[in-house]
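Have a look at it below before reading on.

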Amino acid sequence: MNLQAKGLLLHCRGGFEGEVASEAAQAVAEAGNSGFARAKADTAFLRFELYAPQDWRELLAARPFPDWVFARERYAWIDRIENLPQQDRAGVIATQLAAMGLAAGRVSCEFADTNEAKEMSGFLRRFTPHLEKALQKVGVLRAQATLPTLHLFFESSEACDIGLSAAGDSSPWPMGVPRLRMPRGAPSRSTLKLAEAFYALMSEAEREKGLRAGLRAVDLGACPGGWTLQFAQRGIHVQSVDNGPMAEAVLETGMVEHVRADGFTWRPKKPVDWMVCDMVEQPARVARLMADWVASRSCRRTIFNLKLPMKKRFDEINRCREIIDKALTEQGLSYTLRMKHLYHDREEITAYLALG
Ligand SMILES: C[S@@+](CC[C@H](N)C(=O)[O-])C[C@H]1O[C@@H](n2cnc3c(N)ncnc32)[C@H](O)[C@@H]1O
């Protein structure tokens, strides 16, 4: 299926279109191409159009999905179907995709994550089963997990953009929006941030190894205990460092030791499997602390939050990357660092750092 991409389609949090446009320009340059962003502020998506069409797989391969920070979802933009008839939208889409020789293992009907676009959600919930049937009938949708994912992006019910991503090279959730349940006894919504980070920043193999019962974790800036609860509920022992008050429900899990101390100076007596950090501080200061824990082997892996300034968000992220890189390479250590603007993040990003 050697389809040509006209560009990229990207989803993000409203207000971050500029950051995604810069990321897309870099990614397209890495793929040996160039183009321009068509973006409007606060629309929560953008189209990056290429000056010269390019094989869609080649375009995406230059920057796999885990390497994007501000894009909640991204796929190759193949084409647009307009003037969909009200009576047979599914039939028209299926016929056109079959004529293009397209084959997909999964279809995802998507819209922008804004209040204005929310009405599309009801329409797409009703429409998707009809579309799936129509796509199966013409042989576009097949039960083969290795085939690409077909993304159909609807700005209205009259037109849709056709997108493709390789199997496994996209967000684990449609449009990058996770539907996670608040765990029982959770004292804050921020618990969902760490839950999302486990899925958005770690591979399945890493989760299997890193989230086993019996491991030990430290949570810096832990109160009221949302992040701590994520570990406790998985049977992981937590030392929760914070001078603030910890929620009773979290302490009652019996897995938590509340340590009243300064998270910037406190260290565990023995190395631990995990350290997580949600202290509100200057990003560079947090990055230095994270790098130091990992370089000194105080922990094997860490997930941490970097609160970003309103302007020059990219510069701040690059500064943090440099701090971490310097601290670890000076010691001859190789590492994995992934950063993501999670659905549950606002003016901040979340990062995963591990040795190896
Ligand atoms: C955003 S809240 C953490 C929320 C927590 N992750 C949760 O899920 O409930 C930040 C916390 O960091 C703590 N904090 C800030 N500076 C700290 C420091 N130097 N040492 C320890 N805790 C600190 C604050 O007391 C506050 O409770």
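## The sheet

Two strands count as paired if DSSP finds at least two bridges between them. Helices (H or I, at least four residues) and strands (E, at least two) are DSSP runs, numbered from the N terminus. What we have here is a predicted model, where local features need pLDDT of at least 70, side-chain atom pairs count only at pLDDT 80 or more, and totals for chains, interfaces and linings use all residues. Residues are numbered from 1 along each chain as its sequence is written, and side-chain values use heavy atoms, leaving out hydrogens and water.

Now find the open sheet: its seven strands come in the order β10-β9-β8-β11-β12-β14-β13, with mixed pairing. At the edges sit β10 (256-259) and β13 (335-340), each pairing on one side only. On average, neighbouring strands of this sheet are turned by 15° against each other, direction ignored. Angles run from 0 to 180 degrees between N-to-C directions, and axes are lines fitted to C-alpha atoms, for helices over the stretch in contact.

Strands of a sheet pair through backbone hydrogen bonds, either parallel or antiparallel. Take β12 (residues 299-307) and β14 (residues 348-355): they pair in the antiparallel sense over seven bridges. Opposite F304 you'll find A351 in β14.

## Helices on the sheet

Helix α10 (residues 313-329) packs on the sheet and touches β12, β13 and β14, its direction making about 165° with that of β13. Contact here means heavy atoms within 4.5 Å. Helix α5 (residues 191-201) lies across β11 (272-277), β12, β13 and β14, and runs at about 55° to β14.

Which residues of α10 are buried? They are R313, F314, E316, I317, C320, I323, I324 and L328. Buried means under 20% relative accessible area, exposed over 50%, and partly exposed in between (1.4 Å probe, protein chains only). The buried residues of α10 pack against α1 (17-30), α9 (283-295), β12, β13 and β14.

## A closer look at E155

Over in strand β6 (residues 149-156) is E155. Not counting residues up to four places away in sequence, E155 touches F45, R47, R80, M120 and D161.

Two of those neighbours also make polar contacts (pairs of N or O atoms within 3.5 Å; within protein, one must be able to donate a hydrogen and the other to accept it, and residues adjacent in sequence count only if both atoms are side-chain atoms). The side chain of E155 makes one with the side chain of R47 at 3.0 Å, and one of 3.5 Å joins the side chains of E155 and R80.
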